[in-house]
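Please brief me on the fold, the strand pairing, the ligand shell and the backbone geometry of this protein.

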Amino acid sequence: MVDADPTEHAGATGPVEATSALNVEVLTIFPEVVESYCSASIIGRARRSGLLDLKVHDLREATKDPHRSVDDSPFGGGAGMVLAPGPVFAAVEKAQPVRPLYLCSPGGRRFDQAMAAELAAGSFSLLCGRYEGVDQRVVDHLVDGEISIGDYVLAGGELAALVIIEAVARLVPGVVGNEASVLDDSFTTGLLEYPQYTRPAEFRGWTVPEVLRGGDHGRIARWRHAEALRRTLERRPDLIAARGGLSGVEVQLLLEHGYPVGAVEASQAQRPGSAGAAASEERDLP
Ligand code: ADE
């Protein structure tokens with residue numbers, strides 16, 4: 001098996017510069033399910049506008065038996081059925097999908113925003129596993145890698161493929177109307193996203209924060225940054241740790257926006273090898 005790791009050279013996690021359409025191919029025993037989802041909304045629009053070239057192949061396409069079977073019982077016994085190598089190799093050899101070809105499987109490398117950005121820089125194919133598993137020879141000799149969308153087991157790889165396609169397609173310039181919204185996304189900045197509000201300014205007695213209604217864009221940017229930091233510290237302190245803790249300016253920003261001093265100090269103390277000093281100043285405010 002080729003050792004293809006889409007995270008290996010992960011760098012930026014925002015939109016990538018694409019010179020041509022993103023080319024994605026999917027092999028599945030439920031082509032209609034994948035087609036249906038990928039005809040709607042953002043993905044459908046991206047396909048129609050030529051930014052995403054998505055082809056869906058039926059894994060049963062190359063079967064020769066009357067039942068068009070793709071599975072068989074496992075050697076050694078055990079529950080369930082295993083996707084057999086014959087039909088899978090035949091389907092891949094017939095379709096000749098663009099490489100790298102990744103098997104969607106819970107045993108694969110964990111998908112995240114950095115991997116989405118890496119995949120958006122090129123073209124790739126996804127093979128949807130099914131049943132209780134996939135014959136190991138498919139993993140060893142046919143695909144280029146495996147991707148998991150999380151530590152849980154789905155009935156098949158179709159939902160995983162859709163998750164991957166949507167997360168990757170959003171990063172192709174032009175797919176999401178407002179590119180700035182992709183740059184602000186949770187995880188693209190390494191932080192959870194700040195809270196968003198729309199009209200009305202007051203709903204059932206709950207009001208939109210005053211700062212957002214004031215029109216002072218500098219103040220709004222600082223408030224949003226502080227809110228993103230506050231949320232991330234409270235809900236995903238691991239993300240703060242992964243980016244090397246808070247910078248001095250970020251600590252200051254949190255304190256200015258009323259985040260408890262004790263909580264800020266506690267988060268700084270958790271930084272590996274930190275006595276609370278400023279982290280990289282690159283992330284500091286504009
Ligand atoms: N197929 C079944 N479970 C999966 C998961 N967690 N990720 C990717 N493909 C899967």
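The briefing below goes from the overall make-up to single residues.

This is a predicted model, in which local features need pLDDT of at least 70 and side-chain atom pairs count only at pLDDT 80 or more, while totals for chains, interfaces and linings use all residues. Residues are numbered from 1 along each chain as its sequence is written. The protein contains 12 helices and 10 strands; helices (H or I, at least four residues) and strands (E, at least two) are DSSP runs, numbered from the N terminus.

**Overall make-up**

- Of the 286 residues in the protein, 33% are buried. A residue is buried if 20 or more other C-beta atoms lie within 10 Å of its own, exposed if 12 or fewer, and partly exposed in between, with C-beta atoms placed from the backbone.
- Among contacts with a separation of 6 or more, 79% are between residues 24 or more positions apart. Two residues are in contact if their C-beta atoms, placed from the backbone, lie within 7 Å.

**Pairing of β5**

- Strand β5 (residues 101-110) runs parallel to strand β6 (residues 124-128), and four bridges join them. Two strands pair if DSSP finds at least two bridges between them.
- Between β5 and β6 the chain passes through helix α4 (residues 113-120), and this β-α-β crossover is right-handed. Right-handed means that, with the strands pointing away from the viewer, the path from the first strand over the helix to the second runs clockwise.
- Cys104 stands opposite Cys128 in β6.
- β5 also pairs with strand β8 (residues 145-148), in the parallel sense and over five bridges. Here Arg109 is opposite Ile147 of β8.

**The β3-β4-β7 sheet**

- An open sheet of three strands has the order β3-β4-β7, with mixed pairing.
- β3 (71-72) and β7 (133-134) are at the edges with a single partner strand each, so one side of each has no neighbour in the sheet.
- Strand β4 (residues 82-83) and β7 run parallel and are joined by two bridges. Val82 has Gly133 in β7 as its bridge partner.

**Ligand shell**

- There are 13 residues around the ligand, and Cys104, Pro106, Ser148, Leu154 and Ala160 come nearest. A residue is near a molecule or strand if its C-beta atom, placed from the backbone, lies within 6 Å of it.
- β5 supplies the largest share of this shell, three residues.
- The shell has seven nonpolar residues, six polar and no charged. Ala, Val, Leu, Ile, Met, Phe, Trp, Tyr, Cys and Pro count as nonpolar, Asp, Glu, Lys and Arg as charged, and the others, Gly among them, as polar.

**Backbone geometry**

- The peptide bond from Arg99 to Pro100 is cis, with omega near 5 degrees. Pro100 lies in the loop between α3 (85-95) and β5.
- Gln96, in the loop between α3 and β5, has a positive phi of about 50 degrees although it is not a glycine. Gln96 counts as exposed because it has 10 C-beta neighbours inside 10 Å.
- Arg199 and Pro200 are joined by a cis peptide bond, with omega about 5 degrees. Pro200 is in the loop between α7 (179-184) and β9 (202-203).
- Arg204, which is not a glycine, has a positive phi of about 50 degrees. Arg204 lies in the loop between β9 and β10 (206-207), and with 5 C-beta neighbours inside 10 Å it counts as exposed.
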